[in-house]
Amino acid sequence: MQIPHAPARDTGGMGILDAFFGPKAPTLHVAVDEGVGHPVILLHGLASTSATWDMVVPRLRDNHRVISIDLLGFGQSPAPARATYTLEEHVASVERTLRSLGIRGRATLVGHSLGSLIAARYAARNPSLLSHLILVSPPIYLPGEAVLDPLERFQMEAYKKLHSYMRTNRTFTEAAARAASLLVPMKGGIEVTEKNWRAVSLSLEHCIEKQTAVTDLAQVRIPVDAIWGTRDPFMAPAGLRLVERMRGVASTKVDGADHVIREKFAEEIARLVDNPSPPTTPIRVVKEKA
């Protein structure tokens, strides 16, 4: 059953570092807290909400405590006027929210797209709280000078130019999101509105364009599964290859899947929650059904 929550309150800002209690961050909206058992925490991606996980939650709640959160500035979570939506601010708000939930035992943390970058930093900072990290469609973008292949370097730079254009051209981005939302099976799966525009544009700049995912993952000491679709337009081959080769990371490719978590994608995510891959497992490819 979905639990009721009080309306989110704007805290007015992120505050300063407190020596004892850490960053003063707002508590986020918990959209789903269902089931009993091993805890599984779900973090959605950019321009989305906890609705991202609509096809995943039913596959987990019979055997797990499933917690789905709206990220800072998205869905029903607060959007503080002073927030700049850095990775640190996103992680601090997730940390505070999870502390408030009284989670027992080590949890599995699952992040989609932007949520996967936040999840990687959270896992690096909180090694004693997690048992397994799952990165769904992680947008791993490297500096151009770090990519040797000229075509892949061009592709990486193209992603960065597209992101810059999106965050500086609101009308275009809102129109593109409206069009894309018609192809998404869940309401709230993609949304760019006046309410979340600052969160979208600043999270894109500070978390995706200026990301630290590779260095964060290098500090993670728990099993990591990375999973993505072969038709995902946001996946950069050079970045994915680097993640695939990292210590402790196992990879799964879902043939025919795109960036959105549809039925087959949801099945594979649920499988990984129950069966974490050994770190040395070869890349697993899930074929489309004939």
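Is Glu268 buried or exposed? I looked this up before anything else. Glu268 is buried, at 9% relative accessible area. The classes I use are buried for under 20% relative accessible area, exposed for over 50%, and partly exposed in between, with a 1.4 Å probe and protein chains only.

**Ground rules**

I am working on a predicted model, where local features need pLDDT of at least 70 and side-chain atom pairs count only at pLDDT 80 or more, while totals for chains, interfaces and linings use all residues. Residues are numbered from 1 along each chain as its sequence is written, and side-chain values use heavy atoms, with hydrogens and water left out.

**Confidence**

I checked pLDDT, the predictor's confidence in each residue, from 0 to 100. The protein averages 89, and 90% of the residues score at least 70. Residues 1-22 are below 50 in pLDDT, and this stretch has 37 contacts in the model beyond near neighbours in sequence. A contact means heavy atoms within 4.5 Å.

**Glu268 again**

I placed Glu268 in helix α9. Helices (H or I, at least four residues) and strands (E, at least two) are DSSP runs, numbered from the N terminus. I then listed what Glu268 touches, leaving out residues up to four places away in sequence: Ile227, Thr252, Val254, Arg284 and Val286.

**Salt bridges**

Side chains of opposite charge can pair when their charged atoms come close. I counted a salt bridge where a side-chain nitrogen of Lys or Arg lies within 4 Å of a carboxyl oxygen of Asp or Glu. The whole structure gave 14 salt bridges.

I looked at Glu34 and Arg61, whose side chains form a salt bridge at 3.2 Å, N to O. Glu34 sits in strand β3 (residues 30-34) and Arg61 in the loop between α1 (57-60) and β5 (64-69), so I noted a link between distant parts of the chain, 27 residues apart. Glu34 is buried at 8% relative accessible area. Arg61 is partly exposed at 36%.

Next I took Glu263 and Arg59. Their closest N and O atoms are 2.5 Å apart, in a salt bridge. Glu263 belongs to helix α9 (residues 263-274) and Arg59 to helix α1, so this pair ties together parts 204 residues apart in sequence. Both ends are partly exposed: Glu263 has a relative accessible area of 41%, and Arg59 has 31%.

Then came Glu95 and Arg125, a salt bridge with its closest N and O atoms 2.7 Å apart. Glu95 is in helix α2 (residues 87-100) and Arg125 in helix α3 (residues 114-125), so parts 30 residues apart in sequence are tied together. Glu95 is buried at 8%, whereas Arg125 is partly exposed at 38%. I also found one network, in which salt bridges with shared partners join Arg167, Glu205, Glu209 and Lys210.

**Aromatic pairs**

My rule pairs rings of Phe, Tyr and Trp (its six-membered ring) if their centres lie within 6.5 Å; planes under 30 degrees apart are stacked, over 60 edge-to-face, and the rest tilted. The count came to two aromatic pairs.

How far apart are the ring centres of Tyr141 and Tyr159, and what is the angle of their planes? The centres are 5.0 Å apart and the planes lie at 25 degrees, so I logged the pair as stacked. Tyr141 is in the loop between β7 (130-136) and α4 (150-168), and Tyr159 is in helix α4, so the pair ties together parts 18 residues apart in sequence. Tyr141 is buried at 8%. Tyr159 is buried at 10%.

Tyr165 and Phe172 make an edge-to-face pair, 5.1 Å centre to centre, with 70 degrees between the planes. Tyr165 is partly exposed at 41%.

**Surface patch**

Phe172 is partly exposed, at 39%. Leu162, Tyr165 and Phe172 form a nonpolar surface patch, with about 270 Å² of accessible area together. Patch members have over 30% relative accessible area and no salt bridge; like charges are joined within 9 Å, nonpolar side chains (Val, Leu, Ile, Met, Phe, Trp, Tyr) within 5 Å. Areas come from the Shrake-Rupley method with a 1.4 Å probe, and for residues only the protein chains shown count as cover.

**Backbone**

Most residues other than glycine have a negative phi, and most peptide bonds are trans. I noted Ala47, which is not a glycine, with a positive phi of about 55 degrees. Ala47 lies in the loop between β4 (38-43) and α1, and is buried at 10%. Ser113 also has a positive phi, near 55 degrees. I found Ser113 in the loop between β6 (107-112) and α3, buried at 8%.
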